[in-house]
Structures are given as structure tokens and as C-alpha cells.
Amino acid sequence: QKANKDFIRNILTDWDKDRKGSLAFEELRSWLSSISNNRPVTGCEVKWVMSMAAQDKMQDYTTLNLTPDLFAPAAEAFLSYNTSYDQVVKLMEEYDVDKTGNLNKQELSSLLKALNENIDPAEADVSWVMDHADVIGNGVITKPELHKAISLWYVHSGSAEIVSEAAAKRDLKQ
């Protein structure tokens with residue numbers, strides 16, 4: 001915990017330009033860019049990080065400040081996203097048919113189908129993944145949300161598969 005507190009204190013010392021004890025939207029964007037080999041970090045990526053601090057999806061993320069108590073989990077999530085960034089970009093380029101930079105429900109369904117041995121996912125499953133992965137709340141899956149969408153798909157489809165297998169075994173015993 002001390003290491004986390006020191007890490008956060010150092011970040012705030014370097015990047016909290018207005019000295020409010022938290023990172024505002026643009027301050028956070030600057031820090032995120034610095035840990036991303038100085039690639040431009042999109043507003044959507046900053047919103048995704050800020051969404052972890054938001055009480056609900058309807059908040060204006062640009063007005064939020066990332067406080068020290070919420071900074072560590074947000075930083076960990078972004079660092080994880082950064083390590084898979086190239087894969088996320090590749091998947092987004094492949095499945096973002098309308099080239100909006102996001103996946104709509106149909107495009108997400110196509111991706112989930114590819115992850116599901118080319119079997120169409122149920123509409124309810126696609127909706128479940130969309131509802132749970134769209135943390136920004138804009139009705140599409142953005143690059144930072146894509147990693148979560150894929151993880152959720154594997155957890156959700158795996159748990160459904162386990163339930164189906166258990167039911168089949170139960171039916172066989174009867």
C-alpha cells in the first residue's frame with residue numbers, strides 16, 4: 001500500500017498542474033500519453049479511465065477529477081489496456097465495418113461469432129456483453145472497452161457452456 005501511495009503521490013506531483021490533489025481530464029490525458037510512448041490518447045480513452053470514477057454513465061466525464069483513491073485501479077486498467085493496444089487496434093480495424101472507430105451491436109456480434117468457432121451468438125448474449133462492456137454509455141464498444149467485451153464474452157459463454165453441460169449430464173442420469 002505504501003508503494004501505491006508513493007506512486008500516486010509522484011504522479012500527482014508531476015501531472016496535477018492545478019494542484020487540486022486530483023487529475024482533471026486533460027491532466028489525465030497528458031499522463032496517459034506519457035505512459036503510452038507519447039502516442040496521442042483519445043478523449044474516448046480518457047473517458048474510459050474516468051468512467052471508473054463516475055457514479056453513473058450519464059455523468060460528464062470531462063468535468064470529473066480522478067482522485068487518489070480511484071487512481072490506482074484506473075491506472076492498472078489503462079496499463080493493461082496499453083499492453084493489448086496493438087491487438088485491440090487490429091480487431092477494431094477488422095470488425096469496425098463502418099469505420100467509425102467503434103463497434104456497434106452488429107459488428108460486436110460478428111466479432112463474438114469469430115470468437116465462438118463461427119457460431120452466431122444469441123442476441124441476448126450480444127446484448128449482455130454490450131450492456132456490461134459499454135462503461136462509457138455511448139451505445140457502442142470503443143477501443144478501451146473492447147478488451148473488456150472479449151473477456152466478458154469468454155466468461156459469459158463459458159459459464160453458459162458449463163450450465164449446459166451440467167444440465168446435459170443431469171438429463172443423462174435421469
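**Figure 1. Ser127 within helix H7.** Ser127 lies in helix H7, which spans residues 123–133; helices (H or I, at least four residues) and strands (E, at least two) are DSSP runs, numbered from the N terminus. The model is predicted, so local features need pLDDT of at least 70 and side-chain atom pairs count only at pLDDT 80 or more, whereas totals for chains, interfaces and linings use all residues. Residues are numbered from 1 along each chain as its sequence is written, and side-chain values use heavy atoms, with hydrogens and water left out. Ser127 counts as buried because its relative accessibility is 18% (buried is under 20% relative accessible area, exposed over 50%, partly exposed in between, with a 1.4 Å probe and protein chains only).

**Figure 2. Packing of helices H1 and H4.** Two packed helices are described by the angle between their axes and the distance between the axes. Helix H1 (residues 2–15) and helix H4 (residues 68–83) have axes 10 Å apart, at an angle of about 100°. Axes are lines fitted to C-alpha atoms, for helices over the stretch in contact, and angles run from 0 to 180 degrees between N-to-C directions. H1 is therefore roughly perpendicular to H4 (under 35 degrees is roughly parallel, over 145 roughly antiparallel, 65 to 115 roughly perpendicular and the rest oblique). H1 contributes Asn4, Phe7, Ile8, Ile11 and Leu12 to the contact, and H4 contributes Pro68, Phe71, Ala72 and Ala75; contact means heavy atoms within 4.5 Å. Eight residues of this contact are nonpolar, one is polar and none is charged (Ala, Val, Leu, Ile, Met, Phe, Trp, Tyr, Cys and Pro count as nonpolar, Asp, Glu, Lys and Arg as charged, and the others, Gly among them, as polar).

**Figure 3. Helix H3 and its contact with H2.** Seven of the nine residues of H3 (residues 43–51) are buried, namely Gly43, Glu45, Val46, Trp48, Val49, Met50 and Ser51. The axes of H2 and H3 cross at roughly 105° and come within 10 Å, so the two helices are roughly perpendicular to each other. From H2, Phe25, Leu28, Arg29 and Leu32 meet Gly43, Val46, Lys47, Val49 and Met50 of H3. The classes in this contact are six nonpolar, one polar and two charged residues.

**Figure 4. Two loop residues with positive phi.** Most residues other than glycine have a negative phi. Asn37, in the loop between H2 (25–34) and H3, is not a glycine but has a positive phi of about 55°. Asn37 is exposed, at a relative accessible area of 77%. Glu117, in the loop between H6 and H7, also has a positive phi of about 55° without being a glycine. Glu117 is exposed at 72%.

**Figure 5. Confidence along the model.** The mean pLDDT (the predictor's confidence in each residue, from 0 to 100) is 84, and 86% of the residues reach 70 or more. Confidence is highest in helix H6 (residues 105–115), at a mean of 96, and lowest in helix H8 (residues 143–173), at 68. Residues 160–169 have pLDDT below 50, and this stretch has zero contacts in the model beyond near neighbours in sequence. Where pLDDT is low, the predicted coordinates should not be read in detail.
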